[in-house]
Each structure stands twice: as structure tokens, then as C-alpha cells.
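Let's take a walk through this model together, stopping at a few spots along the chain. Keep the viewer open as you read.

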Amino acid sequence: MLKRYLSGCSSQNFFFFSSSSSSSSSSLKALFPSSSRNALSVSAHLSLPTTTTSNVRSSIPTMIIMRSNHPLGWNDNTKREYSDNSEKKASTSLKHTTRQKDIKSNTQDNGDTLGNIMFELPSHMIRNVGIIAHIDAGKTTTTERMLYYSGYSSHLGNVDDGDTITDYMPQEQERGITITSAAITFKWKDHRINLIDTPGHVDFTFEVERSVSVLDGAVAIFDVVNGVEAQSKTVWRQADRYNVPRIVYMNKMDKIGANFEYAISTLVERLPGCPTPIPVQLPNGTEDAFTSVFDLIELKEYKFSGEDSREYKPLEVQPKDMDRVMKAREEMIDKIASIDEALGEKYLNEEEITPNDIHNALRRITISRKAIPIFCGSSLKNKGVQQVLDGVIRYLPGPKIEEKNKELNAFAFKVINDAQRGLLVFVRVYGGTIDITKSPAIFNHSKNQKERIGKIFQMHANVPQEVKKISSGNIGVLVGLRETGTGDILVAKQGAKIESSIPQLSVPKPVFFCSIEAENSADQDALDNALSILQKEDSSLKVTNNEETNQTLVSGMGELHLEIIKDRILTEYGINVDMGEVQISYRETLTVESPVTFLEFDKKLTTGKRLYAKLWLKVGPSESGKGNIVNFEWDEDLCLPDQKVIKKFEKSIRYGIESSFMRGALLGYPIEEMAVTVVGASILDDNNEQIITGNEELQNQSFIGCAHTLINKVLKENDQYIRLLEPYMDIEIETDRSYIGSIMSDLTGSRRGKIKGMQSKGDHFTVICAEVPLSEMIGYSSHLRSLTSGQCHYHMDFARYEPLQQDYQKKLITKIRGY
């Protein structure tokens, strides 16, 4: 429909809008002749203003997190050092290849167990579990131990060596961080665990979001020295959003400064609405003296023997430790009894309480999210991980399966591109079964399209194992789907009932953008294709085209996010690209309400057909935080021929309006927090004659064009009332108290920050909480290191958009326009 309409509108600026992140700039460009491309903005979500490409900026320094002279991420110097060290890269690659062979061997040897029997397990013996944490809390190290102790792998991978199973991307191995979530399936005590290791860096928050959305439970890992940190708050809120029950693992008990009680106290102090923390273990010693773990339920001491601690012995608690252990056990039982009614009744009646009674009660209150069992250990020293796995089985729920609903309902929560197999679509099945032996056909409910499955895999990080079906409650991978993207719902056939339990993903708004172009112009089409695929994989990545300069713009969650995209384009697609200077993604909004405005849209296409529609609407600001709103308040006198006929075109009118939100009239930034009210529409001309007859599709095209053009007209007429909105960030700075004054003065001075509060952390440190405009945080890492001699670190996360002060708006307009 749009192709036919746009082919006749090459001289007009028209913005193609799609609510799906799977929109492809290259595929859409192919629909139109090259002469009309400058007039077409191919956009998944937004269009951004002109920027300048720089050939100098070959890498983008990490700025989000800095920790005492050591950048957690990647900076220019370390990247150059690493790039020069080809032997180390080759060694890392060889190690990871060896690990892959190890995985393949294990999955082939246990193929029946993993590939077939495990899919047939009842739901109460399946766990869909994720690991969530702040960066550097030990997520990937813990995952490696879980896989090793379960027998999945025969070698303990190490993040520093770059040979972990779940961090399989070259960028992850080089930086020592997790970028993309990895799905692993393994067996523990006759249960099947689908484990997802997620990133901890703020730039990859959406990767966590889409993984958490399909989990039945989670293991939240905390550094026992620091307790709750900034990014742990973010991932905790994400788990709250999807009502995910959790257990907590206090890691790094061997680390200097380890404090089990302090770390637990931060759960209540820093996580609003946190369920009651209930320690089910006690550490025996801390730091170098950490040797074993006390089990408060079974009254045992677990001693770990051997370098890898694969074997551990449950011993009786020694008399010297008994008083401390019994006191903690009584406090544990008292807490559980105050929450669980069944155990509380036994407790009040002074009946015998067995370990099974405690386990059962703890499971009930964990699943109902009234309490959180607390474990402790040191993954790096191979102590305590087996007990965490036991806790996953004992306290976290299996998938909920509606026995009444046998219809297929699956949710695509992740899409990645494989060089050999094409798009791999990760799905969680909520109802029914995907069985390729019965039918390879499947229907994409979200896109209203038929799809066909080529193969089904069970993924072990990036090592696939082919299976024939995915039953309800399980996670698997579909190959052969062409149009399915992240967040899509798959069913057996059109019109099928949709499960209410299927999540709705919340895609964050990008706050950075830059231009991107191939160094060799011959590679531009290949670059368009690469960006199209990367967009399908990552919905938080936005790719747009600036129609004024024909530049391709990429928008993301942070500088590291954009740098990873650049690296992947080179390593996976072999394309060298130039990226322009990273800029802030502002928004535009209208501050006054316009009167009702009318437009008659009359256009003749090159095909000889004619587009015709009339529209009346008014535009104004919406409530803060409500986003863009489109309302229909029909005035019968302005609905011609009548309201019943006009209401059929509401969807097309909405589509045209929303497409206009992609680019504002002031500087070309996306429109935000604007309310549009449509009051009238007509398909009749001034002589009350219907111009378009018998062609509803052409009339829909007419209203799309009319609505889009009318919004642009209103905005241009009221551009003096347009305000820019700038992104504000929540920032937390952990510092030695001697630097508090300097940091606060710096934030509240030229950086326009607002101090929200301070929290004490131990005897010598304080956490400063503030809100600061993102534009004032560029280069802050280096400045903070200089200000504090490298004695502090910080973390920031997107908070909201706020109006930019008028004097700053004038400066920005002058900078971009050049006058």
C-alpha cells in the first residue's frame, strides 16, 4: 500500500513509521527508486538531526563506570594495547574453540538426556532461571561453576582468560564483560535448568529486560563487600516488573572487606519493597579465613575439598560454632513462621519443625515473593555454588502451564544472527507445543504473517543441538523464520487465543546517537543489511536516515553500546566503518495548544490515481511522562459523509499522525509528550462528491498522507512554542568522604545537577545520589579521576526527559544550525 502511495510522492518529505524494531532500512529502500530516497526517512522508531562524520574517531571511550584507575569496560589505551597483542587474541580464540568442542562432545554424549527426555519432563522439574547482578559481581564466574559442577563442562572457564562458555562473542572475551544474554540448558539432580546469564553493564539493560521477561525465577548475585549497587537496583526493578521470584547469592566472601550482615542490610535499605531477606546459610570466616558454609536448615557445615571443590562434605557443626549457628537458625525460623501461616501454626503450638517443614514453607513464601532466601560463598574460590543450585531447585518455581489451554502460544524474546543458519529466534513456550514433525507452519500474531520453521535447536551458549519439539514451559530456538523479531507472539494459526501471561516488553529510549558510514562506498549496501540484522537482534538499537544529508544515524543506550555495534560490524560482516561524534538524543515538544486546524489533502500520483482527504485536529502538550497520545473526539458536523464511515479510517489517521512524531519542526529531533485530538474527517470535496470510490486502500493512503502533512503544518506554524527536552540521568558516585564537597560542588555548579541524597557505605565511603543532564556527563570519567585521584567510581542510568532551559536551547540551536 505504502509503496504505491510513495512512488507518486518523490518530491514530498514523508516519514515511514513502524512500531516494530524489525523495520529494515535496506529492504525498505529497495522498494523505492534511488531518486526518491532522499525524500524517504526509513526508521524503526525515530529520526534524528544532522551530524558530521569524523574519520578521526576510530573508537569511543567507555564512560559509564570507572573504578579507581581501572575502567570497567574498555578505553582507548587498553584497546590499543590489546589490539597490538595478536598472540593473546589468538590464544583466547583457541581456548574458546577448545571449550566449544568440549560442549559439543558433552551434548552429543548426552544427547538423549538433553535433547529429548528433558523436553518431556513435567513442569515442576523444569526451571527457567536467570542470573542478574551489577557489573563485576561474578555472574559469569558463577555460571561457569554451575556448568562445571553439573557435568555440563569438564573445564572451569575464567573471565580473565576469555574462555568462558557464556561469553562467546569476541567483544565479550576481549573486554571481560557480558554483552548479550546466553542461554544454557543443563541437568541438576534430575531437574532441567534453562539458565540465562545476563549483562551487568547499564548500556545493555534491554538485554536483561528481554531475558527477565521469560524467567520463572532468578538468582540475584551481590558483591558481599558492596552489597546493593546502582545497576543491581535497575535489574531488581526489572525482575519486580515481571513478578519474578528470587534467591540471593552473596558472592566474594573471600574478598577483603567482605561483610555478610552489611550486604544483607543493603537489600532492605536500597531496594524499596524488597521482600524479607532470610539467610539460610552463614559463612564460616571471611576474606582469607573463609573456609566453609553453615547450612542453617539442615544444621550442617559444608567443607569444600580439592582445587575445584567438585566434592564437598556435609559435616556436623562443631561445638565451638554451635551457639552462633543455633541463634541464626532460630532467627530464621522465627522470620519464616511470621510470614508462612502453616509453619507459623506449628511454631505457635510448639510442635516439632523438621527441615522439610522449613524447606516447604520457604518455597511457598519465596514463590509468593514475600521472602528471599540468602546464600553465601565465593565462586572464584569454588565454594558454595552447589548449594545455590540446590536452592534453585528447592525454592524457585517451575513454569506455570494452563492445562486447559492446549493451543500454541510462544514468545520471541531474543533474535540473533548466525553466519551459517541465519536468524535464530529464541522462544519461550507458554502453552501447547512447537512440534516440527507435525507441522513446520507457524503464525506470527504480532506481525499478522505466516512463518515456516526450518529447524528447532536447543542452544548451549553458541553451540546448537537439534531437537524436534519444544513443549510448554521450555525455551528453545527456531531457525527459518524471516519476519519474526524480539517481542513477537507466535501461535499455531490466525485467530488463536493469546495467553494473558505472555509479557509485554518495555524498550528503553536511546539517549546517544552518531552518524555511521562505510569507509568504502561500495560497502554501503552491505552496511545497510548489517544494521538491519543488528536491529532485529537488539530493539534498543535504532537506525534512521536523515533525509537532508542522506546520512545513516545509529542510536543506542550509551557510548559502549555504540562501540560494540561498530566492532560487530567489522568482526561479523567485515565492513570498516566511520562513526561520527557521539551526540545527545534530545526530544521536541509543543508547549501550547493549537486551535483546531484544517487541511485538504489533494494529490495526483504518477500512476494517474488521486489521493484525497480532509482532516480537522488540534495539537498540544500531554501530561509529563505520558508520552505521545492520539485521541479521537468526533464532531458529527465535521464527519462527512457520516461518523460511521469515517471511523473506519481511524487506524490510518493514527498511523499518519504517529509517523509525523519521528521528526520535529525545530531541529529534527523526535516529538515527545504531545497530545493530538482528531475532531473531524471527510472523504467528500466541497461539492459533497466522493473523490475516491470503491478503493478503500487508496482512501487509507489518503488519510495517512493527510494526517502526516497536517501535523507537520501545525508544528511549523507554532515552532516558536516548541521546547527541547533533554535526557536526565540518575547518577550514583561512591567516594571517600574527603572528596564529598568537591564532587557535590562540581555536580551542582556548571553541570546543573540536583543532589537527591547521600548514603553511608562502611566507615569511610559515601554514595552521592544525584540527577544530572546527560549532556553534562560527557567526559566525566576522566574529570572524576582527576578530581579524586582515582579514588571513586560512578554509575548512571536514564531517568527521564526534562525541558531544556531557554538559554541552553538557544545555544544548541545556534550550534546545530550554524546561525
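Which residue caps the N-terminal end of helix α12? That's Asp340: one of its side-chain oxygens lies 3.4 Å from the backbone nitrogen of Ala342, and α12 itself covers residues 341–348. The cut-off for a polar contact here is a pair of N or O atoms within 3.5 Å; within protein, one must be able to donate a hydrogen and the other to accept it, and residues adjacent in sequence count only if both atoms are side-chain atoms. After α12 comes Glu350, with a positive phi near 55 degrees. Helices (H or I, at least four residues) and strands (E, at least two) are DSSP runs, numbered from the N terminus.

Some ground rules before going on. This is a predicted model, in which local features need pLDDT of at least 70 and side-chain atom pairs count only at pLDDT 80 or more, while totals for chains, interfaces and linings use all residues. Residues are numbered from 1 along each chain as its sequence is written, and side-chain values use heavy atoms, with hydrogens and water left out.

How confident is the predictor? pLDDT, its confidence in each residue from 0 to 100, averages 80 for the protein, and 79% of the residues score at least 70. Over residues 1–101, though, the pLDDT is below 50, and this stretch has 262 contacts in the model beyond near neighbours in sequence. Residues 167–181 also stay under 50, with 63 contacts beyond four places in sequence. Contact means heavy atoms within 4.5 Å. Where pLDDT is low, the predicted coordinates should not be read in detail.

Now find the open sheet of 4 strands, ordered β11-β12-β13-β14 with antiparallel pairing. β11 (281–284) and β14 (311–316) are at the edges with a single partner strand each, so one side of each has no neighbour in the sheet. From one strand to the next, the twist averages 30 degrees. Two strands pair if DSSP finds at least two bridges between them; β11 and β12 (residues 292–295) have 4 bridges, and Asn284 has Ser292 in β12 as its bridge partner.

Gln318 sits in the loop between β14 and α11 (319–339). What is the separation of the C-alpha atoms of Gln318 and Glu301? It is 8.4 Å, for residues 17 apart along the chain. Gln318 is partly exposed, at 39% relative accessible area (buried means under 20%, exposed over 50%, partly exposed in between, with a 1.4 Å probe and protein chains only).

On to the aromatics. Rings of Phe, Tyr and Trp (its six-membered ring) pair if their centres lie within 6.5 Å; planes under 30 degrees apart count as stacked, over 60 as edge-to-face and the rest as tilted. That rule gives 10 aromatic pairs. One of them is Phe375 with Tyr395, tilted, with 6.4 Å centre to centre and 40 degrees between the planes. Phe375 is in strand β15 (residues 371–376) and Tyr395 in helix α14 (residues 385–395), 20 residues apart. Phe375 is buried at 4% relative accessibility, and Tyr395 is buried at 2%. Phe413 and Phe426 make an edge-to-face pair, 6.2 Å centre to centre with 65 degrees between the planes. Phe413 belongs to β16 (residues 409–418) and Phe426 to β17 (residues 422–431), so this pair ties together parts 13 residues apart in sequence. Both of these Phe residues are buried.

Last stop: Ser652, in helix α18 (residues 650–660). Ser652 is buried, with a relative accessible area of 8%. Leaving aside neighbours within four places in sequence, Ser652 is in contact with Asn700, Phe703 and Ile704.

Terms used. Axes fitted to C-alpha atoms, helices over the stretch in contact; angles between N-to-C directions. pLDDT = per-residue confidence, 0-100.
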